[in-house]
Amino acid sequence: MAWPVTIPAVPHLVLTNAAVPACLLAGGSVGAPPVRDSEGLVRVDIAFGDGRIAGIAVPGAQPAPAEAARVDLAGAQAWPCFVDMHTHLDKGHIWPRAENPDGTFAGALASTGADRAVRWSAEDVRTRMRFGLRAAYAHGTAALRTHLDSIAPQAAITWPVFAALREEWRGRVDLQAVSILLLEHFEGLAGDALADSVAAHGGMLGGVARPSPALAAQLDRVFALAAARGLALDFHADETGDAGAAALRAIAEAALRHRFAGSVVVGHCCSLAVQPPGEVDRTLDLVAAARLAIVSLPMCNLYLQDRTPGRTPRWRGVTLLHEMRTRGIPVAVASDNCRDPFYGYGDQDMLEVFAQAARIAHLDRPVGAWPAAVTRTPAEIMGLGSGGRLETGAPADLLLFNARGTSELLSRPQSDRIVLRAGKAIDTTLPDYRELDPLMAGAQA
């Protein structure tokens, strides 16, 4: 089979002999149960009709109109499009003008704050966010949640830009947004005003939960603001190697204390990996009871955590993904930062995220259901219905990889992937970094 295969632009199409992770097939989508291989892949035929999945069946059993075109994938993998549920599009691609001086978390905060103070006009933010969305779309992401720096006066600039981009990208990338700022900024009338603005823009409340004697009161305030407006919550917590950092536990306790009915997501949770087993068990018991969802950001955390100039890092910075999943806690992995002081690399490519997560956190042997962490699980957390899975009746939004197994998939960047939206192949040309040069005036060459 020559790759890339040609996907004809026709109303009716059948992809035959596709290898699909079984965890990404909706229950009942396949009539006769397909046989899983040792990596959890199954062989199926996938029929499209008028831009939607018309049926999924074991090879040879799929009925299709006589006029349907057929493309034999010969065991190449087919996945649903990616869901990237924790990004920072508003920070993206400022690295050329705002490098991190020493690679540390403190350096990232200082460089980003200085750049934001003088550079983040509406046009600057819009151009960089749109660039990130173009990369995500070309790589095969269909839904994305971004955190937006919301300290005054930036909130008044960035949130309207986001709202306009959400409409501009509707039908290509489903967008959600969350505020990010220190929790103490929710106190007083300013907190009410920000929560009202987030609600008016269809966003979610979020912030950085830092260890503090005031943390419980700060969380009570944010939970109350969210409950009064019917908003979901999404926090940054414990992005540190300090074993004493236990904001995740405090968030779980607050969710239980408030009997909060909405979605609560917590990102990072790095310190959990360096805490004693008893502390871990107590925290995860609370997380499960509070029905929190966790998102891990393995590339950014690997980059920032345990960094001291001239010293080799001793740990990876990733949270306890296996232990969480064993307890039934929903776990996703996501991009986080791209080419900014918090992470100097990245391209909104969720396949890279999955590949790096597999290596960093040992999401293999077996791979099993871990492909759901970049597709189905974040879609469920974000309330996206059939997103992130292959299901009869769902939009025919798929990724096709010239890889028959996990080793082939993760050993190469799959830059020749085929992205199908509504059953049609899209242009996967990535945006050129040179387009951002006008925003980098005064940056070091």
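**Helix pair H4/H5 in a predicted model**

Helix H4 (residues 188-200) and helix H5 (residues 215-229) have axes that come within 10 Å and cross at roughly 40 degrees. Axes here are lines fitted to C-alpha atoms, for helices over the stretch in contact, with angles from 0 to 180 degrees between N-to-C directions. This is a predicted model, in which local features need pLDDT of at least 70, side-chain atom pairs count only at pLDDT 80 or more, and totals for chains, interfaces and linings use all residues. Residues are numbered from 1 along each chain as its sequence is written, and side-chain values use heavy atoms, leaving out hydrogens and water.

- On H4, the contact (heavy atoms within 4.5 Å) is made by Gly188, Gly191, Asp192, Ala195, Asp196 and Ala199, and on H5 by Arg221, Leu225 and Arg229.
- By class, this contact has 4 charged, 3 nonpolar and 2 polar residues, with Gly counted as polar.

**The whole chain**
- The protein chain holds 12 helices and 16 strands, taken as DSSP runs (H or I, at least four residues; E, at least two).
- Buried residues (under 20% relative accessible area, 1.4 Å probe, protein chains only) make up 57% of the 445 residues.
- Of the contacts between residues at least 6 apart in sequence, 80% join residues at least 24 apart.
- The C-alpha atoms fill a box of roughly 65 × 50 × 50 Å along the principal axes.

Key: Buried means under 20% relative accessible area, exposed over 50%, partly exposed in between (1.4 Å probe, protein chains only).
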